Structures are given as structure tokens and as C-alpha cells.
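Hi,

Here is the structure I promised to pass on to you. Have a look at it first, then read my notes below with the viewer open.

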Amino acid sequence: MKTYDLVIIGGGSAGLAAALEAKKEGVDNLIILEKEPYLGGILQQCIHNGFGLVQFKEQLSGPEYAQRYIDLVNENHIPYLLETMVYEITKDKEIYYTNKQDGVCCIKARAIIMATGCIERTAGAIQLEGARVSGIMTAGLAQKYMNIEGYMVGKKVFILGSGDIGLIMARRCMLEGAKVLGVAEIMPYSNGLNRNIVQCLNDFDIPLYLSHTVKKVVGKDRVEKIIIAKVDDKMNYIPGSEKEFDCDTLILSVGLIPYNPLLEKLNIALNPKTKGVNVNQDYESEFEGIFSCGNSLHVHDLVDYVSKEATLAAKGAVKYLKNNKQEEKVYKTVAGRGINYVLPQQFSYQKDSKIDFKFRVSKPFKACSIVIKNNDSVVRIIKKLYLLPAEMEIISLDMNAITNPSDLVFEIKEDF
Amino acid sequence: MTYDVIIIGAGVVGASIARELAKYKIKVAVLEKDNDVGNETSNANSAIIHSGYDPECGSLKAKLNVLGNAMFDTLCKELDVKFKRIGSITLALDDNDVKTLKELQIRATKNGVETSILSREELLKIEPHISNNVKAGLLANTAGIIDPFNFCVHLMENAVDNGVELYLNTKVVKIVKENDTFIINDKFKAKMVINCAGLFSDEINEMINPKSFEIIPRKGEYLVLDHFDDDFVKHTLFLVPSIKGKGVLISPTSSNNYLIGPSAEVCLKDDKDTDKMTIEQIKKTAMLMVDNIPFNQVIHTFAGIRPTPANHDFIIEEIKTKNFINVAGIESPGFVSSPAIAKMVVEDFIINRYHYELKKDFNPYVRPYLHINELPFEKRKEIVDRNKDYGEIICKCEKVSKGEIIDCLNRSVPPHSIKALKKRLRVGFGKCQGGMCQSYALHILANYYHKDINEIPYDSLDSYILLDELKGAKD
């Protein structure tokens, strides 16, 4: 059985950046396993721009952003296998995969980086009401049909959910001549980036119905009509608030879920908030030698941060491979008031180091402070004009600022 | 086009009769309105092979359920269909229910079904997740779970392999009888017609007979949970029956998912809508049986419609028109009864009357299906080394290979739609519900049928998925 120092599962934005960083740090015996027939993952269908502002200080389309990494992977002769599906990872880090060339193979890894991305929440997962007809599709699938396959998905489109892909697809459908009748969002605020609300909805006069959801899909063979209704703060329909739209397509942009079936099979617990594994500052999971990053760890809103995170996971894996890990006391991060989750969930205290803590708020805040507490003493306060669940916050914390290490609590204090 | 027998409807009843008739030297056609077999009631039910303790003693339901149940081991072996006798437990929540369990046990004995009553302590040993409400249960070991989609498909596949002709997308709109010959849609001729049109069997009957029965459509909504723990629930769990049917059940499925439902609401024949209120009610009822059901694992909700007859027993009869046989009102336990119904219809109405001979070359077996994900790795390797298509995984969630899809397409009842493929191989059945694989599946179907991918429907011929190509897409 062939043994690799590092196996990276997934050749999307996270996997590519992780592979490059590991290679840079001197890991030569590595491989990327990718299930699709191409590298780059979901970026390849994101033909709009807005990628790369952080990493490259310029606006790139998804395929352009991916290509920069793919070119580097090729220049550095990092091996990868395409159309390769991993069946199983064993407790001994044996990886069973299959593809057309090799049949079914088993390789052994000293370390594994999981970069398997996320999947979209479906009509079934949100228990969409009404008929089960053709014409209900997730935004990512609609995007694939339009941008990779080159086919129109509908003439009169309604969009449920204001996630970023939904907003991007609203504009995309308009540009291809479809009518986009509206976007309904069950929450009282949008779940997409503000720039997407402006550029994809406002610029095209597409109405956004906040606190609304689809109450019923009507149709015999294909979607013929949808009925939306307003919901109260307990998510119950408000009688009399129904609006009907004649349409042939309902695009769903109702959330992304980290895709971790391989880790679930290994019985590694998934965090109920992130739906990814719990990690430490090296992005190592509770399973020694298995690292996780990108959208399979937690859903990101910008690919640039996926690439950055993957780099940190690769550094962690390299450290693990070099056996540089010392037994250190481990502390927890706690998501306090107003915080949905904090990542990493665990960290060890090292003097002269910095840790990037990432978190999302559980609802929008205006004029507030992020308070980081340690043993009830305040480590840091950061004032913010606003905080939105759609935007991941990153706070780089100098460990030297902490005198007496203990668990760190993150919370939001509203300023009045 | 002249046949000895025409069967209207390719649900589990029509398919069972077709396969039974395929054993004889007789020319048979099946006319199906949908774009696939088993696409209506047979496609959306509890997927349960009931033991037969429940139907009223002396009813056709009781007789055919028990007879049918015993036939499934052989049938599923011949037809290569997933079937497991996992047993069912009917749960009692209060003293009144416990009394009912005892009555049910007496009924079970009369129906010829072996059961035992288990105390709460005994139940906890075999089903540790039952709720605090549960007082006792009636265990019937002969109950089972089945893959209902492939049972219908493989029955018809075997029937077609043995000479039966299947016409999909052929809705019966007109039946006349001239002399001794039935003429259907001015095109299909037959000596005998078997009406297995399920929900629409009353309308079909009335094309040639005076109204003699009515089908009341009754909707059942269900939730499907993803694979999360193979041992969460090990038996099919029911609540003590109410007047509205058998009530809500929780059951593992033959694909290691969990099924929860159904509701029971009178509806229109084409109303397969799901609604939040009903789904929430089902969840509440299910929680009476089992604690901590992970409803965050729901991957799908759906509704099926049962063809309920007014008198609540199966209608298997020839009324005014000779050689026009109604097989109607086959509601629960219709699926389990279908093989026994088929035997009864074929023997009583056809063979006893016309004495057709048995074929000597009838082959009861379908060509075995290969499921790459169910084999040990060594075996998978051997297979992929022989045929590379088995190394190309199309459905990532359920791990279905291109090889399996191509094999399916090369069979006598192949899938013509995304839904038909999903029913056969579980492509798009998993967590992502086809988000990752549907485009690949479209390409494989389109390639096989020499079509463009926008010509492959989701289900019916009118249920298109894609419109025209975008301008410049192929440049």
C-alpha cells in the first residue's frame, strides 16, 4: 500500500491552497483527491467577479481565481487525481478511493486535510410545502446548468432565500432574459452580502420580501405558481399576507451545509452550529492527524478567507508531520451572547503567537462591541458600527495580551 | 394490436398480474398512463410488508395479506429486490391501548399470524429508544420492509423479459366492446381487460360498466430521514390503530433511511402536496413512540395517495361486462397482498376460464443487479478492473456508479426520467437530493437515448428540467 505524508481530500479552493502551502513547507509526498473532472471546485461555475480582493488585491472571476492556484499546483508538480471518489477513511488513516484508471485503491496517509466543501440545503431539508414538481432547484445546481452546461433553467423565476448564490443567480437569470419576480427571505434581514443585495437585486429592481417564505408550490408537471406569505417572529404564517406569483421555476438559496460524510463515518462529532468538526488553532480535528478547512469546516462568505484558512490547516498538518507538537494545556472558546459560533473551538496558549478567531453573530447588531473575556477579565473590546450574520468576523488576538490563560468567551454588547 | 389480456395500470398490482400471466402461453399488454411503472400509489407508501394481523377477520384483505406476505421471500430472491423481515411492533400508550393489543392478538391468531405481546421492559431490550409513554407492544415477526420502487420495476422487467408488452405514457381514455373483443383507445384489442388503474379504477370501470364502486383518494404525507444510525429503530413501529387507518409509523427502510408517516386526509386524486401543519402533526405523533428523533436529518417529505374503496375491502370482481375484471380499492395492505391478488385474479378469472398452458421456458429470475457500494473492496476492484464505468461514481451521497446506470438503461424496463433513475438506483436520493449529480445523470440518459440533455424530463413527459441552450454556450 502506498503511503503519503499528506492526502488532501477535495481539490477546490481549500484543497488547492492547502496543497500549495504544504508543498512550500517541504512536504513533497502529497496528493489531492478530487471527485469532479476538474480542479477548482465550485469556483468554476462562479463566473461573476468579486473574488481575490483580499488574496490578490484585484477583482477576479471564480474560474480566474481558481486558475491562479491550479497553475501553481501544476508548476509545483503537485500530484492530483480527478473523478476520484473517496469511499471511506479508516481509523488508521487508510483511504479507499475509486476512479476509472485505478479501479479501487487503498492508500495510507500520515496526515489528512479534509477540504470537501459544502452542499446546499434542499427542498426536502426545509420541508418545502406544496407539489413535488420539476422546476424546483437549488441555486448552485441552477448556476451549474447555466454556467457550465449552458442551458436556461426557466423563464419566470422566483427565488427563495437570500443567500449569496441566490442573489447572484437572480442577476444571472435577468441577464439571460428571464423574469425574476422576487426573492423571499424568511428572516427579517438578508443572509447575503450587502454588495450582492445592491448589485444583484437593487440594480435590477428585483423586490426582496423580508420575513416572507414560500407557503405553497403549485403545479402538475412543472412549477406553475408559488404562493408566498409573511411570517411572524415565531415563523408562523400571517393570515391574509399571501401573494401569488405565476412562475415556472423556484430557485432555492436556503443555506449551505458543510459536507462531511467521511468524518461522520469515523464517528467524529460534528459541531451542531457549524456542522463541521471542532478544531484547534492548527485546524486539527479531535481525530489526531485529520485536519479540516474551508467550507467543510464552516461556511465562508468569501473564497479569499477559505484560501487563507487552508494555508493555516496546511501549516498545522506540516507541524504534525514534523512531530513538533508539544503537550500543551488546551483551552476552549465559548460563543457567548449574540455569537453563533467561534472557531477554533479549542486552542493552546503559546507566547508570542497570534491566533485568528473567526465567528458569526446570531442576528444583526448596530453600534455594538465585541467583547472577549478571559476568567471574567476583559481581554479586548472592539467597537463596531454594525455586525451581520452574513459576514464572518475575524479577530487576530495576540496571545501576549493574555496574562493568565483560560477559556475565552466571545460576546456582543450593544452600545446605547 | 391484439392481445389475449390487457392490463390497465402498471402499479404493483398490475405489474404483479403481468408477471403472473407471463408464466403462461398468452399475449399480454400493460397500458400505463405515466412515464414509468409503479409511479402513483406504489411509489409513495410505507414500503411495509405487513404481517396481516390487522385486517378484519374474513375480509379479502386479511386473506390476501397473509397469503401475500408468505410469498415475498421467493419473489424478492427471484426479482433481486431488497427485502428484510425486521418485524413490526404495535405500541400501546395507555391501558385502553393495552386492551386493544389483546384484541388485536386474538384477531392475529384468527388471521393466522403469530404475534406476541411484549412488556415495556421486554420492548426496551430490543428498541431502547421507545418513549416513556409506551406501555406494551404487539410484535409480529413476519412483517418486513421492502424496496417498493424496484419491486414494481423488477416485476415488470421480469414480465417483459418473458414476453409481456409494456406501453408507457398510454392513458386509457376509451373502452368499447365489440362482439367479444375489447377495443381500447381505438387501438389496442383484447379478449380480456384487467382494471388495475388504482386511483382511477372507478373512472376506468365506468368507461364500460355502470358505476359500481367509488374510489376515495386519501393522502398520506411522510418524512424521510438520512442514514444516521443503523440501530436507531430496528422494527417497524406502529401506534395502536385508529379509525383513520394504521396511523403513523416509524420504520427503517430497505435503504437504511428512516420513514415517518403517514397522515390520512381525504384529498383530490392529483393532490400530492405536502404541508407544514400535517408534517408537524406527524412529528408529534411519532414522538409519542420514540424519543429524540433527529428531525434535523430530514432529507425529503412527500405525499402518496391511497385508493380507498367505500366499503374498505379490496374489490376483485367481474360485474356486468364479461371478461372485464376490476382489481380496485387496493389500499393498505395492498402492497403485501399484490402477489396473492395476482394469483387469485389469474387463476380464478383467466386460467380457470381459458385453460392457458404454462410456458416451459419461463425464467423467474431477473438478471442480477450489481450494487458496487454494497460489495467488499476486493470485489469492487475486480469489477472496476473489468468495467471502468463502475469506478466512476455519479451519485456521491449514495455512491452509485455510471456502470450501474448503464446496466439499468440496458434492461427491458429502463428509466426515461431523472425520477425513474432515482427510483431504481437511488441516484439523487441522498443528502444533497441530486444537487451534485443531477447534471451528470442527465448526460448519461441523454447520451443513451441520443437526445440533448434538455430533452430528459424530471418525471412525466411534460416535466422538463432545462429550457433552450444559452446563446453562445457552445462557442
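For chain B, the domain assignment lists domain 1 (82–145 + 218–304) and domain 2 (372–455). Between the C-alpha centres of domain 1 of chain B and domain 2 of chain B there are 32 Å. Before you go on, keep in mind that this is a predicted model. The predictor gives the complex an ipTM of 0.95 and a pTM of 0.96, and chain B has an average pLDDT of 95, with 99% of the residues scoring at least 70.

Chain A has its own assignment: domain 1 (2–119 + 257–325), domain 2 (122–254) and domain 3 (331–414). The C-alpha centres of domain 1 of chain A and domain 3 of chain A are 26 Å apart. These two domains touch: 11 residues of domain 1 of chain A are in contact with 12 residues of domain 3 of chain A. On the domain 1 side, that contact is made up of two nonpolar, seven polar and two charged residues.

**Chain B as a whole**

How compact is chain B for a chain of 475 residues? Its radius of gyration is 23 Å, close to the 23 Å from the globule rule, so chain B is as compact as a globular protein of that length. Along the principal axes, the C-alpha atoms of chain B fill a box of roughly 65 × 60 × 45 Å. Of its 475 residues, 55% count as buried. Now take the contacts in chain B between residues at least 6 apart in sequence: 73% of them join residues at least 24 apart.

In soluble globular proteins, nonpolar side chains tend to be buried together. Here, the largest nonpolar core has 151 residues, and A:Leu6, A:Ala18, A:Ile113 and A:Leu250 touch the most other members. Helix α7 (residues 303–321) of chain A gives the most to this core, with nine residues. Which residues does A:Leu250 contact, leaving aside its neighbours within four places in sequence? They are A:Gly135, A:Ile136, A:Phe158, A:Leu160, A:Val214, A:Val217, A:Val223 and A:Ile226. There is also a second, separate core of 116 residues, which includes B:Leu79, B:Ile146, B:Ala197 and B:Val345.

**Where the chains meet**

The contact between the chains takes 41 residues from chain A and 47 residues from chain B. On the chain B side, the elements that give two or more residues are α7 (276–289), β18 (298–309), α9 (377–386) and α12 (438–448) of chain B. By class, that side has 18 nonpolar, 11 polar and 18 charged residues.

Most residues other than glycine have a negative phi, and most peptide bonds are trans. With that in mind, here are four spots to look up.

- A:Leu343 and A:Pro344 are joined by a cis peptide bond, with omega about -5°. A:Pro344 sits in the loop between β21 (339–343) and β22 (346–348) of chain A.
- B:Gly261 and B:Pro262 are also joined by a cis peptide bond, with omega about 0°. You will find B:Pro262 in the loop between β16 (258–261) and β17 (265–266) of chain B.
- A:Lys275 is not a glycine, yet has a positive phi of about 65°. Its place is the loop between α6 (261–265) and β19 (290–292) of chain A.
- B:Asn323 is not a glycine either, and its phi is positive, near 70°. B:Asn323 is in the loop between β19 (315–318) and β20 (324–328) of chain B.

Are those last two residues buried or exposed? A:Lys275 counts as buried because it has 20 C-beta neighbours inside 10 Å, and 20 or more is the cut-off. B:Asn323 has 19 C-beta neighbours inside 10 Å, so it counts as partly exposed.

Happy exploring!

Key: Residues numbered from 1 in each chain as written. Chains lettered and ligands numbered in written order. Predicted model: local features only at pLDDT ≥ 70, side-chain atom pairs only at ≥ 80, totals over all residues. Helix = DSSP H or I, 4+ residues; strand = E, 2+ residues; numbered from the N terminus. Buried ≥ 20, exposed ≤ 12 C-beta atoms within 10 Å, placed from the backbone. Contact = placed C-beta atoms within 7 Å. Nonpolar A, V, L, I, M, F, W, Y, C, P; charged D, E, K, R; others polar. Core = buried A, V, L, I, M, F, W, Y, C linked by C-beta atoms within 7 Å. Rg over C-alpha atoms; globule rule 2.2 N^0.38 Å. Domains from an automatic or database assignment. pLDDT = per-residue confidence, 0-100.
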